[in-house]
Amino acid sequence: MKNEIRPIKMAIMGAGTVGGGVYKLLQMRKNEMMQRAGTDIEISKILVKSISETRKDVDASLLTENFEDIINDDSIQIVVEVMGGIEPARTFIRRCLNAGKSVVSANKDLIAVHGRELLDAAKENNVDFMFEASCAGGIPIIRSLKQSLVANDITEIMGIVNGTTNYILTKMDQEGMEFDEALAKATELGYAEADPTADIEGLDAGRKMAIMGSIGFHSRIVFDDVYTEGITHITSKDIKYAKDMDCVIKLLGIARNTPTGIEVRVHPTLINKEHPMASVNDVFNAVFVHGDAVDDTMFYGRGAGEMPTASAVVGDVIEVARNINGGCLGRFGCTCFKELPIKSIGDIESKYFMRMIVSDCAGVLGNVASILGNNHVSIEKIIQKPAGCDKAEIVAITDSVQEKNFKAALQTLNDMSFVQEISSMIRVYA
Ligand code: NAP
Ligand code: HSE
């Protein structure tokens, strides 16, 4: 008699944008799941805050408001966490792992802070904890770093990992909008959330960089280690001057494994228009990875949204199902076997774009150059333009220098009577 493979049962915690997409995608693939995963996958419960809310796409009979319905159901082997936030997600995931259930999560806020604890718990309980959707939505970057590129010493992970801010900067660049107008447009189209702080202040991207850096460099980076600076101070004038210098401005996440430690930061950055990252526009994300064996690689796609994010979550679910079938759950725990130091932002080296208004009189440009030079800052490019009423605008890009030296030069310049305003300071990717 043929041995019948019993379907694997799973629960979804959260039925919002991502949870709804996961449900839909699993329905779409239902008839081929046996071939793709080696087993059927059946959703038995969906946890939400309120079951009274109407959800047109999910089977209402599966909804519950009680997590105990999931944890006490021994037939459930996989739990997808797409609720978001730290608590109760952290406690629920811990309890699922301790109960021998594998977990798939999209929760970057949680993983960027408590990733090690959750991976250790998965390993101890011989189950899987996967989180492909936590970074760059539909782009398969976690599995690429953890598996396909594991033979490399990865020295750089750099990318545009927030769609909302990339949309805003694209509108400012291509349509000359100011920040507020572009943010309003992003909100109208549903890209920016009602409270856009995490996106526009670089926090969302910072969490993703902490997760990707930890995996790429095999050394734990938590969100607090990441220097974050948002895009609210970027003006259309900065973008125009950047263009004059053959650059575009992007919110870049940059993680580097250097001989003196790890640097990990998110900030607006000028990048040469010839770099492939410069043409990643609208809500698209891209991640560039440099490894010693593979050299440069780049991953591009949709970093958010119902179906792209569901693609990553369901990919993980299928992988867990295969592992259950193959009897090889818990193959990967935490892969951070090193403890590398994290560099402070003052110790990083970068080129800088600066824009300032000065008095338009003899000797000013020379004084600016001397102050920069006294602080070991050399100038790569400089433009001076009249700014009306005996004022001039100086726009410059420096050579590579330690940030503490550049900041000291700016401080001295700021104290000079001939400097009326330091309008911008933006790092340049090099
Ligand atoms: P969402 O639309 O706000 O949905 C959250 C869901 O979780 C809702 O169904 C909500 O229930 C439920 N929920 C929240 N707190 C709960 C609690 N304490 N108990 C039970 N249910 C609870 O969020 P989302 O956009 O789908 O995001 C989910 C996760 O995916 C987040 O971690 C997010 O960072 C991550 N993510 C999202 C995207 C994206 O494009 N949206 C992309 C990548 C990663 P109700 O329906 O009853 O309110
Ligand atoms: N808010 C994020 C973005 C999507 O705009 O890219 C979720 O990671």
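Modeller: Helices (H or I, at least four residues) and strands (E, at least two) are DSSP runs, numbered from the N terminus. This is a predicted model: local features need pLDDT of at least 70, side-chain atom pairs count only at pLDDT 80 or more, and totals for chains, interfaces and linings use all residues. Residues are numbered from 1 along each chain as its sequence is written, chains are lettered from A and ligands numbered from 1 in the order written, and side-chain values use heavy atoms, without hydrogens and water.

Colleague: Let's start with the loops. Where is Pro88 found?

Modeller: Look at the peptide bond from Glu87 to Pro88, which is cis, with omega near 5°. Pro88 is found in the loop between strand S4 (76–81) and helix H4 (89–98).

Colleague: What is the phi of Ala136?

Modeller: Ala136 belongs to the loop between strand S6 (129–130) and helix H6 (141–148). Ala136 is not a glycine, yet its phi is positive, at about 60°.

Colleague: Now the ligands. Which residues come nearest to ligand 1?

Modeller: A residue counts as around a ligand if one of its heavy atoms lies within 4 Å of it. There are 21 residues around ligand 1. Those that come nearest are Ala15, Val18, Ser50, Arg55 and Gly305.

Colleague: How far is a backbone N or O atom of Gly305 from an oxygen atom of ligand 1?

Modeller: Take the polar contacts in turn (pairs of N or O atoms within 3.5 Å). A backbone N or O atom of Thr17 lies 3.0 Å from an oxygen atom of ligand 1, and a polar side-chain atom of Lys108 also lies 3.0 Å from an oxygen atom of ligand 1. For a backbone N or O atom of Gly305, the distance to an oxygen atom of ligand 1 is 2.7 Å.

Colleague: What is the volume of the largest pocket?

Modeller: Ligand 1 sits in the largest pocket. On a 1 Å grid over the protein atoms alone, a pocket is an open set of points with protein on both sides within 12 Å along at least five of seven lines, while in a cavity a 1.4 Å probe fits but cannot get out; lining residues have an atom within 4 Å of a point. Points join across faces, edges and corners, and a volume is the space filled by probe spheres set on them. For the largest pocket, that volume is about 1,100 Å³.

Colleague: Which elements give two or more residues to the lining of the largest pocket?

Modeller: The lining of the largest pocket has 40 residues, and Val18, Lys108, Glu193, Asp204 and Ala304 lie nearest the pocket's centre. The elements that give two or more residues to that lining are helix H1 (17–28), helix H5 (108–124), H7, helix H9 (197–200), H10 and helix H12 (306–326).

Colleague: Which element gives the largest share of the lining of the largest cavity?

Modeller: Residues that line the largest cavity include Leu119, Asp128, Phe129, Met130, Ile142, Arg143 and Phe332. S6 and H6 each supply at least two residues of this lining. The largest share, four residues, comes from H6.

Colleague: Which elements give two or more residues to the lining of the second largest cavity?

Modeller: About 60 Å³ of space lies in the second largest cavity. Among its lining residues are Ile111, Gly115, Leu119, Ile211, Ser214, Thr335 and Cys336. The elements that give two or more residues to this lining are H5 and H10.

Terms used. Polar contact = N/O pair within 3.5 Å; in protein donor to acceptor, adjacent residues only side chain to side chain. Sits in = over half its atoms within 2 Å of the grid points.
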